[in-house]
Amino acid sequence: MNIILFGPPGVGKGTQADNMVKNFNLYKISTGDLLRNEIKKNTNLSRKIKSKINQGLLVSDKIISDLIVKILSKKKYFNRLIFDGYPRNLNQAKSLDLLVKKYNQKISCVLNLNIDKESIIKRILGRLVCAKCGLTFNKYFNPPQKKKYVCNLKYLKTRLDDNKITIKNRLGVYTKKTLPILDYYADQGILYKIDGRRKINQVCREICDIIGSLGTWLCKL
Ligand code: AMP
């Protein structure tokens with residue numbers, strides 16, 4: 001089964017996706033991470049991507065679709081993907097449906113994580129990402145602990161787009177372009193609503209229950 005983790009920036013999609021990978025035989029695909037990797041290549045394309053991300057705007061659907069095709073077409077990931085931060089508009093949602101059909105796969109559920117605006121801002125401004133291993137922590141809600149984090153603290157960085165001005169744009173884009181997709185998935189009967197304001201392990205437990213009910217064969221434990 002492929003799963004979409006849906007929700008506003010800062011709700012904890014990345015953290016929950018990491019937890020899901022620990023518990024299930026699934027792979028996390030974050031379009032944000034894929035784009036940040038592209039940026040490191042320092043090409044014309046990467047400069048375009050960087051400019052959009054730094055403004056808090058969406059990168060073009062064509063760029064995203066090319067990245068997704070590379071992943072969906074790989075045997076290793078067949079029906080085992082967690083999409084984090086994708087799709088982000090209706091066009092991407094429809095394109096994903098066509099692509100999963102083309103590669104004989106399926107979207108089994110869309111997990112919609114909800115949270116209020118004030119908490120989003122606090123979570124985004126507290127976010128720390130390890131430049132070495134990619135793990136995400138939060139200064140206020142999920143500080144790095146020795147048992148969970150093995151890299152040196154110096155690798156923990158704040159993302160360039162995690163600032164007050166860009167957050168405003170990202171939230172505007174989310175409300176205008178991303179939220180409307182929910183009706184599309186509700187109509188397909190695969191939408192699950194999850195209260196993302198709770199503690200990380202509480203949200204994780206609910207997600208595990210949902211996935212477990214859809215396919216126990218995916219459990220690692
Ligand atoms: P994220 O890491 O999911 O918070 O994404 C960071 C930024 O990458 C977003 O603000 C967008 O500029 C860009 N981005 C990530 N995923 C997508 C997507 N599916 N479509 C368009 N832009 C994206």
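Asparagine 42 sits in the loop that links helix H2 (31-40) to helix H3 (44-55); helices (H or I, at least four residues) and strands (E, at least two) are DSSP runs, numbered from the N terminus. The model is a predicted one, where local features need pLDDT of at least 70 and side-chain atom pairs count only at pLDDT 80 or more, while totals for chains, interfaces and linings use all residues. Residues are numbered from 1 along each chain as its sequence is written, and side-chain values use heavy atoms, with hydrogens and water left out.

Although asparagine 42 is not a glycine, it has a positive phi of about 55°. For background, most residues other than glycine have a negative phi, and most peptide bonds are trans.

Next come the helix pairs. Helix H4 (residues 61-72) packs against helix H5 (residues 90-102) at an angle of about 25°, and their axes are 11 Å apart. Axes are lines fitted to C-alpha atoms, for helices over the stretch in contact, and angles run from 0 to 180 degrees between N-to-C directions. That angle is why H4 counts as roughly parallel to H5 (angles under 35 degrees are roughly parallel, over 145 roughly antiparallel, 65 to 115 roughly perpendicular and the rest oblique). H4 and H5 cross in a right-handed way; a crossing is right-handed if the near helix is turned clockwise from the far one by less than a right angle, and left-handed if anticlockwise. On the H4 side, the contact (heavy atoms within 4.5 Å) involves Asp61, Ile64, Ser65, Ile68, Val69 and Leu72, which meet Asn91, Gln92, Ser95, Leu96, Leu99 and Val100 in H5. Sorted by type, the residues of this H4 and H5 contact are 7 nonpolar, 4 polar and 1 charged (Ala, Val, Leu, Ile, Met, Phe, Trp, Tyr, Cys and Pro count as nonpolar, Asp, Glu, Lys and Arg as charged, and the others, Gly among them, as polar).

Helix H6 (residues 117-126) and helix H7 (residues 164-178) have axes that come within 11 Å and cross at roughly 135°, which means that H6 is oblique to H7. The crossing of H6 and H7 is right-handed. Lys117, Ile120, Ile121, Ile124 and Leu125 of H6 make this contact with Lys164, Ile167, Arg170 and Leu171 of H7.

Around it are 16 residues, the closest being Thr31, Arg36, Leu57, Gln92 and Arg159 (a residue is near a molecule or strand if one of its heavy atoms lies within 4 Å of it). A backbone N or O atom of leucine 57 lies 2.6 Å from a ligand oxygen atom. Glutamine 92 has a polar side-chain atom 2.9 Å from a nitrogen atom of the ligand, and arginine 159 has one 2.9 Å from an oxygen atom of the ligand.

Note on methods: A polar contact is a pair of N or O atoms within 3.5 Å; within protein, one must be able to donate a hydrogen and the other to accept it, and residues adjacent in sequence count only if both atoms are side-chain atoms.
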